[in-house]
Amino acid sequence: MKTKPLSHDPGSKRYAYRVNKEENRKELKHVKIDEASLSTKDDKAHKDIIELPKKRFYRQRAHSNPFSDHQLEYPASPAEMDWAKLYPHLQDEATGEMTKKVTIADIGCGFGGLLVDLSPAFPENLILGMEIRVQVTNYVEDRIIALRAQNKDNLKYRNINVLRGNAMKFLPNFFEKSQLEKMFFCFPDPHFKQRKHKARIITNTLLSEYAYVLKEGGVIYTITDVEDLHLWMVKHLEEHPLFERLSEEWENNDTCVQIMRNATEEGKKVERKKGDKFVACFKRLPNPTII
Ligand SMILES: C[S@@+](CC[C@H](N)C(=O)[O-])C[C@H]1O[C@@H](n2cnc3c(N)ncnc32)[C@H](O)[C@@H]1O
């Protein structure tokens, strides 16, 4: 896989920061972070690992074209996915098998705020963020490494991770039929212009893929500050035969809706600007019986 240079100026602070974080990431992103793995570190290395990443060093273009060839790596089928690399603490040492499967997905997870807040609320679930932008994915990986290191004694944050991927192309390569219980679409890119609507993350075709990986009774969560996009998502979900909208009363009683309203970085931005937040949640219906 081609990798872009870290920064154009090797003498810059940003370059040095990124090189250091990349070294940590390479060493720690696929291993158990516990007393043993941290005990060999000197004070400086230990501090570098437990310090939360600084967003300003991970800036990149706001949008990534979901139709371009990102040279992404993805498994040929879900059976070939090595989940132990993302959740090493959840691998049975004797058999090598994973003790759990991913059941919650945050599509276009951005800087990972939702993952971090869902983690303690759903400690028994494995939660995956999928993100297309390289630097943003790196940030989330570094954030999770730091959180796991800070919490090495209390086992927190072992159930979340992020994967660089294009959710519009490869979801069924990662997840089996009916594997997921919840899918989140928080503040997706609005693609305002009509000719760009095909790049929206909710379309009729994509909904059929989401229905494939979601189990019956599973839920699609959507939230956005763009009313036009909200209406678009509601329209497409309402028109799809495998989804049914959940009531406002259901939304008000659901823990995930409460978390989703406030956890994500985009959601916080909207809050600061006192913008609107439009929520819509849909239940995955049973497949119709074929007579
Ligand atoms: C506006 S941001 C919202 C991020 C986050 N959900 C939040 O609420 O803070 C949309 C994110 O979706 C990512 N994204 C867009 N298309 C994607 C795709 N096809 N697959 C995975 N991620 C995608 C973008 O890179 C971006 O980080």
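Analyst: Helices (H or I, at least four residues) and strands (E, at least two) are DSSP runs, numbered from the N terminus. The model is predicted: local features need pLDDT of at least 70, side-chain atom pairs count only at pLDDT 80 or more, and totals for chains, interfaces and linings use all residues. Residue numbers start from 1 along each chain as its sequence is written.

User: What makes a residue part of the shell around the ligand, and which helix gives the most to it?

Analyst: A residue is near a molecule if its C-beta atom, placed from the backbone, lies within 6 Å of it. The ligand is surrounded by 23 residues, the closest being Gly-108, Gly-110, Ile-132, Thr-264 and Glu-266. Helix α11 gives the most, with three residues.

User: How do you know that β4 and β5 are paired?

Analyst: Two strands pair if DSSP finds at least two bridges between them. Six bridges join β4 (residues 180–186) to β5 (residues 214–224), so the pair meets this criterion. The two strands run parallel, and Met-183 has Ile-220 of β5 as its bridge partner.

User: Why are β3 and β6 said to stand at the edges?

Analyst: The open sheet has seven strands in the order β3-β2-β1-β4-β5-β7-β6, with mixed pairing. Both β3 (160–164) and β6 (243–245) have a single partner strand, so one side of each is left without a neighbour in the sheet.

User: How many nonpolar residues does the shell around the ligand have?

Analyst: Ala, Val, Leu, Ile, Met, Phe, Trp, Tyr, Cys and Pro count as nonpolar, Asp, Glu, Lys and Arg as charged, and the others, Gly among them, as polar. By these classes, the shell has eleven nonpolar, seven polar and five charged residues.
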